[in-house]
Amino acid sequence: MREKELRLALVCYGGISLAVYMHGITKEIWRLARASRAFHDGRLSTGSQRVYFDLLSEIEIHAGLKLTVFSDIIAGASAGGINGIFLAQAIATGQSLDPLTDLWLEAADVERLLDPAAKATRLSKLWAIPLAMLADRGGEAIESVDPDTRAEVRAKLSTFVRSRWFEPPFGGEVFTGLLLDALDAMAASDKGPPLLPDDQPLDLFVTVTDFRGHPQRLRLNSPEEVVESEHRLTFSFADRGGARRSLGAIPELAFAARATASFPGAFPPFTVKEMDAVLARIGKAWPGREAFLERSLPRHFAAGLADTAVMIDGSVLSNAPFRPAMDALKNRSARREIDRRFVYIDPKPGIRSIRIGGASGQEPPGFFSSILGALTEIPREQPIRDNLEALQGRSERIERTRRIIDALKDEVDEAIVQLFGGTFFLDRPTPARVAAWRSKAQTEAARQAGPAYAAYGHLKISGIVEELAGLVRRLTPRGDGPTRTQAREAIWGELQRRGLERVSTRSSGATPAAITFFREHDLGFRIRRLRFLARRLAAIQENNAALASACEEFERCIYAILALYLEREVAGFFPDEVNRLACNIGEDAGAAIDAIGAARGLREIDDQADQLFASALAELPKAERREMLFAYLGFAFYDLTTLSLTGEGAGEFDPVKVDRISPDDAVTIREGGAEATLKGIRFNSFGAFFSRGYRENDYLWGRLHGADRLIDLVLSTLPVHRRLPPGRAGELKRSLFRAILAEEQGRLTAVPRLFEQLTREIG
């Protein structure tokens, strides 16, 4: 049985009141991840999760693929930032996501969100009551609002427009308190297991806008340095796995949620003092306050200004925070086949949050339209083309490298035949023979490379230096020890003292000093080789399904060896003595480098790997045994050619695919996009704040749209020639839709007609 991981990097857009719709989608992602965990733990699921469970079971039966699904990278802005924070917390801790559902349905209402000091009295702004009758978005009259909710919307809109003017109507402390309550309710909920493999990291990124800006130093040629004002902030949270998973303290998560969703004009800007005031009022402690502020607002903290930093909505500068999620790919390891997807949630493609100008959008912009559009809407809605092109470029580079490897196969195999073709025991590998053959093949690859080996060797050393510098930084506490730049410079200085400014000789490839250094520290080469073997084995399985069972044990062997190397990348692997030496690397880089090498013990792991590899080879048929042995011995030849192209180090080395979840894409039940399904797009995307029925409508459609797209996404991971029986995908979708309606009918009591309509449309 082949094993595969479907890893979702989730990017959540802003959307004001469409946060409720996006929560419905993230809740389906949560349920799919829960079903996947239950499937692999051997526990049955119920309700809608049972349909996802059945989907994974049928994939195993019909496609011979054991699929694990989880989300390990989440980035969000504004309303998407809130949903991302709560989803990440549920994934890391196993807590329930239902408290966030209660927050959106019950508390995301103008009557709950209005600042008590801003609420209108019976006599305040009587003259403004007619404003409640003004046009909806696009010139649509209030009378066109659904009859069932017209009175509620009219009353709440009247209250809203008669609240204080020229100050934000919604209360910042009110919202902060609601977020803290929801996170506390999650913590008190029944917990299941974390929704990630035990050793899989989880990264969360939340974008925020620093209203005043902070100084950022830039290096130039002339002048050498300039200072510019930077307004972008990204609050990052990381859970590195292990027995006690945690993203951060509740006040820290609430801090990020409140800051990223400070929509200009609706909520007051957020400050640290606001969080302090709310925590003091409810008597909640914040033990890690200073460390969090130093990490999240480093320049403000260093200047003693963290308490006065002013933060507004994260979507002002970046409504689609792809970049931090893309950067997180560099720190991902892989212990089995990976299908990496970037999934972004766009609740209203093509519909702007704030409409400025006429309903048709065709009229030339006027004076105020031009100014307001340039300052607010255009930066917020800028397409994500640059990010998608970067992801596409990465995937194309990987595919190009794979094509080069395929083209080199015959030549590399010939080189291996010339080296070992006459070897009597080639078809009967033992650990000692594998080790000797591996060493001989690497030496010959270096020799045949000639002058080209110098460039390859220096590239490898550069990669090792970067890996060591990053490890040193992870081994030292924040604020202590060297910076990454200082660690890098210290390591380079030590390598020069060891004679590694020269890595090759004219006649025999690598120098003795380089060979010793690579044997003790070249973790990346070993990991690349194993991933190369995994891809070669997958190709064998794809081309001959009958060999699947024979290849299964070898696949386990590859990932078992890979795990031995990968655990030596993690800071927690190293003893305290290594941490101490890493902190002092500037004073004695040699001692730190040697201690890291000794703790890793790569030569001993190589011996274990040879034993496991030789045993697994013996279980393969003769032709496949020879092919995998040739791939193992020939990898040094491939790496000489492709290392300069990949630049991926030890991270995931698979193409990235991008999927969108939006009303325009989920059309199994109803076509027409957001206009045909969502209520929150009314009143310039504030619509759901004016009606419980609107929120229930959008939440339910969010779950249904999420279910529709997630079924498609999971099935798209299957090989072309391995599919479910015809019509089965549609049956699973209908079962899932019905299960969602059954789960939500008791909770969503304000939209009975919607349930009737959906029951008919689903069939």
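This is a predicted model: local features need pLDDT of at least 70, side-chain atom pairs count only at pLDDT 80 or more; totals for chains, interfaces and linings use all residues.
Reader: Okay, and is R600 buried or exposed?

Author: R600 has a relative accessibility of 1%, and because buried means under 20% relative accessible area, R600 counts as buried.

Reader: Which residues is R600 in contact with, if we skip its neighbours within four places in sequence?

Author: With those neighbours left aside, R600 is in contact with E467, L468, L471, L523, R568, E569, F573, F574 and I605.

Reader: Let's change topic to α1 and α2. How do their axes cross?

Author: Helix α1 (residues 19-41) and helix α2 (residues 47-63) have axes that come within 8 Å, and these cross at roughly 55 degrees. The two helices are therefore oblique to each other, and the crossing in which α1 passes α2 is right-handed.

Reader: Which residues make that contact?

Author: On the α1 side the contact is made by E28, R31, L32, R34, A35, S36, A38 and F39, while α2 brings S48, Q49, Y52, F53, L56, S57 and E60. Sorted by class, the contact of α1 with α2 has seven nonpolar, four polar and four charged residues.

Reader: And what about α2 and α28, how do those axes cross?

Author: The axes of α2 and helix α28 (residues 728-744) come within 7 Å, with a crossing of roughly 160 degrees. Since angles over 145 degrees count as roughly antiparallel, α2 is roughly antiparallel to α28.

Reader: Is that crossing left-handed or right-handed?

Author: The crossing of α2 and α28 is left-handed.

Reader: Which residues meet there?

Author: From α2 there are G47, S48, V51, Y52, L55 and E58, and these meet R728, L732, S735, L736, A739, I740 and E743 in α28. The residues in the contact of α2 with α28 divide into seven nonpolar, three polar and three charged.

Reader: New topic, cysteines: how many disulfides does a search of the whole structure find?

Author: The search, which takes in the whole structure, finds zero disulfides.

Reader: Then what about C557, buried or exposed?

Author: C557 has a relative accessible area of 9%, so this cysteine is buried.

Reader: And how does C583 count?

Author: C583 counts as partly exposed, because its relative accessibility is 28%, and partly exposed is the class between buried, under 20%, and exposed, over 50%.

Key. Residues are numbered from 1 along each chain as its sequence is written. Side-chain values use heavy atoms; hydrogens and water are left out. Buried means under 20% relative accessible area, exposed over 50%, partly exposed in between (1.4 Å probe, protein chains only). Contact means heavy atoms within 4.5 Å. Axes are lines fitted to C-alpha atoms, for helices over the stretch in contact, and angles run from 0 to 180 degrees between N-to-C directions. Helices (H or I, at least four residues) and strands (E, at least two) are DSSP runs, numbered from the N terminus. Angles under 35 degrees count as roughly parallel, over 145 as roughly antiparallel, 65 to 115 as roughly perpendicular and the rest as oblique. A crossing is left-handed if the near helix is turned anticlockwise from the far one by less than a right angle, and right-handed if clockwise. Ala, Val, Leu, Ile, Met, Phe, Trp, Tyr, Cys and Pro count as nonpolar, Asp, Glu, Lys and Arg as charged, and the others, Gly among them, as polar. A disulfide is a pair of cysteine sulfur atoms within 2.5 Å.
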